[in-house]
Amino acid sequence: MNAERTTISEAGTHVGETVQIPGWLYNMRKSGKIVFPLLRDGTGVMQCVAVKSALPENLFETIKNLTQESSVIFTGKIRADERAPGGYEMDVENVEVVQRVPESDAYPITPKEHGIEFLMDHRHLWLRSQRQHAIARVRHEVVRAVRDYFDSHGFTLVDTPIFTPAACEGTTNLFEVNYFEDQKAYLTQSGQLYNEANAMAFGKVYCFGPTFRAEKSKTRRHLTEFWMVEPEMAYADLDEVKRVAEELIVFIVGRVLELRRPELKALERHVSKLEAIKAPFPRISYDEAVKILHSKSSEIQWGGDFGGTDETLLSEGYDRPLMVDRYPTAVKAFYMQPDPERPEVAMGVDVLAPEGYGEIIGGGQRIHDAALLLRRIEEHNLPKDAFNWYIDLRKYGSVPHGGFGMGIERCVAWLCGLEHLREAIAFPRMIYRLRP
RNA sequence: UCCUCAGUAGCUCAAUGGUAGAGCAUUCGGCUGUUAACCGAAGGGUUGUAGGUUCGAGUCCUACCUGAGGAGCCA
């Protein structure tokens with residue numbers, strides 16, 4: 001039989017034709033002399049129909065005795081049917097069983113409920129479920145939108161190293177690795193410092209890759225390995241950083257709404273919440289944020305950083321991402337440009353996603369004055385020698401510049417309405433989970 | 001590192017200190033339009049580990065292990 005091979009997503013273009021679809025058995029409902037195998041092929045799930053009277057005896061028995069997640073190649077005629085969830089069904093004419101999962105070692109993830117521990121232990125199989133499939137496709141769309149946005153706005157992709165000789169910020173939250181016999185290296189927690197060098201070479205750059213934080217955080221908002229996109233722009237001030245961050249988010253949300261509606265529906269995401277994401281985003285200062293928090297009976301003191309609850313309290317008053325700028329210089333990184341009119345606050349901005357999803361973007365304007373940068377490095381007790389190259393950037397044609405980092409998983413979790421970041425990446429790495 | 005909660009059948013969960021049970025999954029039987037299909041039957045257990053209290057512990061106590069949620073820290 002030489003039927004044309006196709007996919008479930010393309011089945012609608014083959015109505016009336018006999019085609020071949022390779023995939024896996026997702027589930028099967030049986031009713032005596034008629035069975036309904038659900039075929040999954042990575043592009044979708046399609047209900048097939050096998051009728052005993054229309055098939056050779058042994059073929060019908062083969063189909064009827066298939067087990068969940070067995071790999072199969074179904075051949076049959078595509079038919080539009082209102083009763084089918086996807087709109088199309090296949091009347092099965094033949095099946096090639098590539099590998100039949102034995103009953104003695106049945107597929108562990110059944111169509112019923114499972115606990116998170118079990119599912120995380122079987123993450124390599126859990127990815128086959130429709131929900132995980134939808135999340136992965138939204139993530140793909142987010143990544144594609146990020147790249148399209150920067151690629152079409154004059155940014156050059158210049159990726160930064162994963163191995164770094166020293167910390168960008170503190171040293172306590174870095175993963176240390178042996179670098180041959182006598183050296184230590186650290187896994188990057190941000191490409192920003194190198195990004196600044198790249199920005200002085202190319203004007204506008206971005207890097208996009210995994211970052212690592214050895215913080216012992218055990219919450220739904222933390223991973224030890226996550227993906228971050230970081231743009232950096234020469235001749236950009238804080239307002240420009242905020243403008244780009246806003247434009248990027250609006251672009252991403254628009255793309256996901258345009259191309260991933262079926263996935264959002266599968267995730268039961270309230271699309272109206274995402275349709276509200278339009279420029280301009282509300283912009284408030286840290287000072288105002290503290291006042292708002294006090295009015296909501298938070299006990300935050302001026303000078304402290306926001307906790308998870310504070311971020312939720314702040315964002316709940318808005319239907320779109322909230323930009324908070326001018327944090328106390330003391331709680332921010334050493335390279336943050338102080339406000340010339342109020343040196344006690346820094347020209348940094350955090351973007352808090354709505355619905356309590358917290359900080360998805362952090363960034364700001366960097367110090368461009370060599371003397372000030374040197375002073376900050378000393379104040380933070382950082383090893384000056386390690387930063388000589390970074391200080392060079394202020395010696396040879398220094399310009400005001402800035403950028404930000406956006407956490408991909410937090411962005412995906414927000415767009416998908418996930419309760420936990422661990423579902424936003426295929427194989428999450430968390431403090432107490434390194435497998436599978 | 002700290003706080004809270006939880007570990008019972010392959011999975012999700014019940015079980016007043018007194019004979020360990022149900023649903024799903026699996027196997028067998030029934031059903032030609034099912035939508036997490038349904039109906040009937042069967043098999044399936046060292047109750048996370050080690051101690052302790054008790055006539056008797058899944059249940060109470062101690063320690064440890066594993067996991068979950070949170071705090072601090074952070075995207």
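**Surface near the RNA**

I sorted the surface near RNA strand B by class and got 14 nonpolar, 13 polar and 22 charged residues. Ala, Val, Leu, Ile, Met, Phe, Trp, Tyr, Cys and Pro count as nonpolar, Asp, Glu, Lys and Arg as charged, and the others, Gly among them, as polar. The model is predicted: local features need pLDDT of at least 70, side-chain atom pairs need 80 or more, and totals for chains, interfaces and linings use all residues. Residues are numbered from 1 along each chain as written, chains are lettered from A and ligands numbered from 1 in written order, and side-chain values use heavy atoms, without hydrogens and water.

Which residues come nearest to RNA strand B? Of the 49 around it, I noted Glu89, Glu103, Pro111, Arg220 and Arg410. Near means a heavy atom within 4 Å. Sugar and phosphate make up 51% of the atoms of RNA strand B that come within 4 Å of the protein.

I then looked up backbone atoms. A backbone N or O atom of Pro111 is 2.3 Å from a base nitrogen of RNA strand B. For Glu113, a polar backbone atom is 3.1 Å from a sugar or linking oxygen.

**Second largest pocket**

Where does the second largest pocket lie? Domain 1 (4-105) and domain 2 (123-424) both give residues to its lining, so the pocket lies between them. Domain bounds come from an automatic or database assignment. I sorted the lining too: 19 nonpolar, 15 polar and ten charged residues.

Key:
A polar contact is a pair of N or O atoms within 3.5 Å; within protein, one must be able to donate a hydrogen and the other to accept it, and residues adjacent in sequence count only if both atoms are side-chain atoms.
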